Amino acid sequence: MATAHTKNFLLFQPAHLFSKKPVIALRQLIKTPEGLQSGEQPLTRAALRSCFKALDEEAQKSLLRFSAGELEKTMIALHQEAHYLAGDKEKQQLVQNALQKKLYSWVGGLRRLAFSDWYHAVQMGDKRFQNMKCSFYHYPVEAAFDIIKTDAALFVTIHVEIGKEKIDLDNFRRFYFLLERDDCYYQLSQKSHEALHWFLTNSKTEWGEHESKALAADFQQLEQWEVRVDRSALSEASSLSMLPKVQLLLSELNNTFLKLEPQFVYDGFIVEGVFEPVANVQMGDRMVRIERSEGSEQELVGFLRSLHEKFANQNNGFFYLTFAEAQKKGWFLKTYHTLLEKDIDLVGIDLLKHFRYSPHKAEIKVTHQKEEGDFIMLQMELSFGKDKVTLTTLQKALLNNQKAVMLKDGSLGVLGEDWIRKYGLLIKHGKIKDNQLRAAKWLMLGDITSAERTDEPLPNQIGEDWIQKWHQWEKRQASIFPLPSGLKVPALRSYQQSGYEWLRLLSEIGASGCLADDMGLGKTLQTISFILYKMEQYPESKHLVVAPASLLYNWLKELEKFAPGAKAIILHGAKRDTAQLLEQGSCIVITSYGTMRQDLPLLESVAWETIVLDESHHIKNPAAQTTRAVWQLTAKTKIAISGTPVMNNTSDLHSQLHFLMPGLLGTPEFFKKEYAIPIEQQANEEKAAALQRLIRPFVLRRTKEQVAADLPDRTESVLWCEMNADQRSAYESIKEEVRANIFTEIKTSGLNKGKLSVLAGLTKLRQVCNSGELVKHEDIFTYESVKTKVLIDELKCIIPEHNALVFSQFTTMLDLLERDLKKEGIATLRLDGQTDIKKRQELVNTFQAADATASVFLISLKAGNTGLNLTKADYVFLFDPWWNTAVENQAIDRTHRIGQRNQVFAYRMICRDSIEEKIIKLAGRKKKLADDLISTDENVMKALTIEDIQFLLE
């Protein structure tokens, strides 16, 4: 006789908080030969011990607080404590407040329980409730309040901050101090709960523009709970609070006086004049509100006041002397050097007209001393006639953009435009020690390789033969290097051949570079060609590729395809074999940024011939641990790969180029002052041109438009995705279940009748590849989706310059993508089988419009594979490719059609070592099945043999 099987679980019912109904119910799901039955037990210690043997004493106490008996005792005790109050209303309020604190503490105890069998009731589409798995987030979360200003109104948005993620409050169900989203419960911190409760009870989320003062008062009230509030929209200015960099502006006043005006630079904004707590600076269409540092400013003013007795009573925000007084007893010359020694920048000295100018030209003597790794040590001596200028004085003058320096006789030595062009870059970027200049040896490569170069500004170790090859490469008239013999492609496209040769040219002189071509132009292939050349030149060499974890197996597949003779290994995961690094022979090691950071002591001990950073913008933050770790790796040649080396601002370049050629761009602080601020805040074209000239030899950037003649009309490729441990575990669990059910069905009913089960089982596996959230009625404890992560990363790289179509066969997957893309701030449109025919064309028109705000169109494969003209998109992502490539090709043709002016890149997203990859392999092995791939699911099912099914599910 069959026995009943019982599943015990705890049903969490947060809506019953502050009521007499049970917040936690102990339920059973009993499976008998007659079917499923439900049961319930009272929440007692004995029942908990019987049903959940792993629960310790502390966990049982946390749960039993919610039993009917314990709640009754608590309420009696609270009423007894409030008996001294006279009014019933006052008693009730006291009891309610005390109960709230108790419940808040008790729910906090549930949060910290290591217990997995939680369920809650979820209302389905047909208004029925179904018990679903749920969980608790382990830490309290915070509420944040922001004001958004429009032309006609003010709106308050309330967010929940979970780690670094901000999610709109409207995306949660709220139960007092608890929030629920995606079957997970989050507990607001006590202060956030009180602030939120007060605001929702006493304020409102939409205000008229004339009510800004009342809204500001409400926000001021919120601040008492110390929650994050942002009311900057109520003012016209954004705030800036920091210590300033000090400088002194020299000028002439009324053609009679030398004027010395202290200036204070706050993140590039110059403030001057008598001290006031706040300075407002207009920048474009916005006002910057600068909170001035009184201590820093008064320190400089006090020091300047002490330099001359006549400054004591000058209180206009500046100081002045007659020209005669300034030159008396060499005061100006002494003050000039004193200010330089104090690191106070001098501005405007070369514009002074009432001072003598030296009749001598600037002459510099440069001696090449020695090389120290990526740096050279130079002995330099500048003179104007018999007067010599120290390197320190010269460097400070150049850093202040001065074109003259003060000499010992009080005259000004003019440097001149030509002199600054030759030597300015070198001296500004270098470091001075013992009157020697230490500079990155590649600083002047841009000038050395320039077609307009005349005489050499400093000793050059690069031979003329190499320079001639560089000029030949720039003309692109003929190949200068053959491809490695082991590369399995008939030929590279002309721009790819050029990229490969560029890497070889840089490596010949020991330099490195950033390959920054547009997505889809074959950066990986160009890099593989170079690595293969190195491996053939140096048979014992080792090469390291560092990439995002999602791209590791994409690299392996590309190497297997284009360089099958090269040994490549993946160093990743808990079971990675680090001993392989020590083995003899040439090898390509592929690892993730995270693993690289963990294995840094081992990796930095290897003598790498080449190190490649894929998606190198991952190290744009110089303070990040990953960036610091990467900087410690050394190799003869380093390659950074990124279609978007500058994602947010100019400073993104610094960390990537510091990895390639340390010291080339100076320190982050120097780079920000010298280039980033002038380029971004002041639109300084001269600085932008100087930076471009400096990095030109080391960054190769080609867009699709530039190489369009070399591109096919349409490029299709696979975007490989690697599941993490949790998603992989869920996949393997479902696969075992599917495999058992399918072969049981085939054994019972035969192959033909069992093929419906095959299709259903394979569909479930595809859903797990997409996201665990698609698989209902299964004990899947993760909702991780590697595909979603990869897709978001790819979209961030191409938006807003490009537009994309994303196809999925599952409308529920479109729901999830719509939600997740919204979180990332990516605007989308949506079309599926439920979209009205008239609405379809409206959506198409909206997407195609020149002023469209949505860059991504989410489309169900069956609803959107025909009848749509979406030529604005030039990227297509097939989120879950399947048998029917004809339907997929039709989907790609929504954008790859007449009217499309751009090249189209289509990507099939495939999870490695999954049902999706098996289908690709099976199609390649069996011609008949490959032919059926352009037919229907039904025809494919007919073509499958028992061996095919075993292969798919092995």
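Pro 800 lies in the loop that runs between helix H25 (786-798) and strand E38 (804-808), where helices (H or I, at least four residues) and strands (E, at least two) are DSSP runs numbered from the N terminus. The peptide bond that joins Ile 799 to Pro 800 is cis, with an omega of about 10°. Most peptide bonds are trans, and most residues other than glycine have a negative phi.

This is a predicted model, in which local features need pLDDT of at least 70 and side-chain atom pairs count only at pLDDT 80 or more, while totals for chains, interfaces and linings use all residues. Residues are numbered from 1 along each chain as its sequence is written, and side-chain values use heavy atoms, with hydrogens and water left out.

Asp 182 counts as partly exposed because its relative accessibility is 34%, and Asp 267 counts as partly exposed because its value is 22%; buried means under 20% relative accessible area, exposed over 50%, and partly exposed in between (1.4 Å probe, protein chains only).

His 16 belongs to the loop between strand E1 (5-12) and strand E2 (24-32), and it counts as buried because its relative accessibility is 17%. Leaving aside residues up to four places away in sequence, His 16 touches Lys 21, Pro 22 and Val 23, contact meaning heavy atoms within 4.5 Å.
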